[in-house]
Amino acid sequence: METILVVDIQGDFTEWKKGSLAVPGTGEDYVQEVLQITRRFKEAGHPVLATQDWHPADHISFHTSHPGKKPFAAVSLEGREQILWPPHCVQHTAGAALLIDPSLFDAVVHKGTDRRYDSYSGFEDDGGVWTGLDQELEKRNTTRIILYGIATDYCVRFTALHGLGRGYAVTVIESLCRGVAPETSTRAWEEMKSAGAVIVRDAGDTRLFS
Ligand code: VGL
Ligand code: ZN
């Protein structure tokens, strides 16, 4: 069974909603395209899941949690590199809201909920705690994950790599992804490809529509 996974389509990551961590190329037209394609997958009978970045207000990934540090600075936390982001996707705020009607999703998985750990991966945070995505995929007898959303170089990348690591086939739809920066996005595509992900240009290339 193929399961669709829509990654972090949230106000704070979009230009459309003037988000605090707006990713280039995320105007209203982008979100509408993601919505339409997601509807078509749903209508074709595929389970559709979503991830939602869902941080407490004092999350460790926010530069405001590190006095004197500027946004986008890199720091070392317990030996891990952590990029310090502008505060974003704070639980229950407008910026954290999904921009696609949640009724379209069979389940929504929250990530980054523990203030001590970031979680680019939809599967598990940097402390190794699982989000619940594994169970949602297993419940639906998933063998292949079809993935797209924001951001190519962070959440899409780590979710694809962890999906492959768990033995799933992973297909990423390039035209429905947006990255924070061009260089890191180029590297992310190469990394996903060499780890075994299938990268397709358009949703039609998945041949999943009936
Ligand atoms: C993400 C930066 C910070 C992502 C989450 O989901 O790609 N990026 N938090
Ligand atoms: Zn985040």
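His92 sits in the loop between E4 and E5. Helices (H or I, at least four residues) and strands (E, at least two) are DSSP runs, numbered from the N terminus. This is a predicted model, where local features need pLDDT of at least 70, side-chain atom pairs count only at pLDDT 80 or more, and totals for chains, interfaces and linings use all residues. Residues are numbered from 1 along each chain as its sequence is written, chains are lettered from A and ligands numbered from 1 in the order in which they are written, and side-chain values use heavy atoms, with hydrogens and water left out.

His92 has a positive phi of about 70 degrees, although it is not a glycine. His92 is also exposed, with a relative accessible area of 71%. Here, buried means under 20% relative accessible area, exposed over 50%, and partly exposed in between (1.4 Å probe, protein chains only). Cys89 is found in the loop between strand E4 (80-83) and E5 too, and its phi is near 50 degrees, a positive value in a residue other than glycine. Cys89 counts as buried, because its relative accessibility is 0%.

Most residues other than glycine have a negative phi, and most peptide bonds are trans. On the peptide-bond side, Ile150 and Ala151 are joined by a cis bond with omega at about -5 degrees. Ala151 belongs to the loop between E6 and H3. Just after H3, Gly167 takes a positive phi of about 95 degrees.

**The sheet**

Now for the sheet. Six strands form an open sheet in the order E5-E2-E1-E6-E7-E8, with parallel pairing. Strand E5 (107-111) and strand E8 (198-200) are at the edges with a single partner strand each, so one side of each has no neighbour in the sheet. From one strand to the next, the twist averages 25 degrees. (Axes are lines fitted to C-alpha atoms, for helices over the stretch in contact, and angles run from 0 to 180 degrees between N-to-C directions.) Two strands pair if DSSP finds at least two bridges between them. Strands of a sheet pair through backbone hydrogen bonds, either parallel or antiparallel.

Here are some of the pairings:

| Strands | Bridges | Sense |
|---|---|---|
| E1 and E6 | six | parallel |
| E6 and E7 | four | parallel |
| E7 and E8 | three | parallel |

Glu2 stands opposite Arg144 in E6, and Arg144 has Ala169 as its bridge partner in E7. Ile146 faces Thr171 in E7, while Val172 stands opposite Ile199 in E8.

What about cover? Six of the six residues of E6 are buried. Arg144, Ile146 and Tyr148 point one way from E6, Ile145, Leu147 and Gly149 point the other way, and all are buried. E7 is largely enclosed by the rest of the structure, because four of its five residues are buried.

Helix H3 (residues 152-165) lies across strand E1 (2-7), strand E2 (48-53), E5, strand E6 (144-149) and E7, and runs at about 175 degrees to E6. H3 is mostly covered, with ten of its 14 residues buried; among them are Tyr154, Cys155, Leu161 and Leu164.

Leu161 and Leu164 turn up again with Ala195, which contacts both of them once neighbours within four places in sequence are left aside. Contact means heavy atoms within 4.5 Å. Ala195 lies in the loop between helix H4 (182-194) and E8 and counts as partly exposed, at 42% relative accessibility.

**Ligand 1**

Which residues surround ligand 1? They are Asp8, Phe13, Asp53, Trp85, His88, Lys111, Ile150, Ala151, Tyr154 and Cys155, where near means that one of a residue's heavy atoms lies within 4 Å of the molecule or strand. A polar side-chain atom of Asp8 lies 2.4 Å from an oxygen atom of ligand 1, and one of Lys111 lies 3.3 Å from an oxygen atom of ligand 1. For Cys155, a backbone N or O atom is 3.0 Å from an oxygen atom of ligand 1. A polar contact is a pair of N or O atoms within 3.5 Å; within protein, one must be able to donate a hydrogen and the other to accept it, and residues adjacent in sequence count only if both atoms are side-chain atoms. Taken alone, ligand 1 exposes 260 Å², and the protein buries 99% of that. Accessible areas come from the Shrake-Rupley method with a 1.4 Å probe; for residues, only the protein chains shown count as cover.
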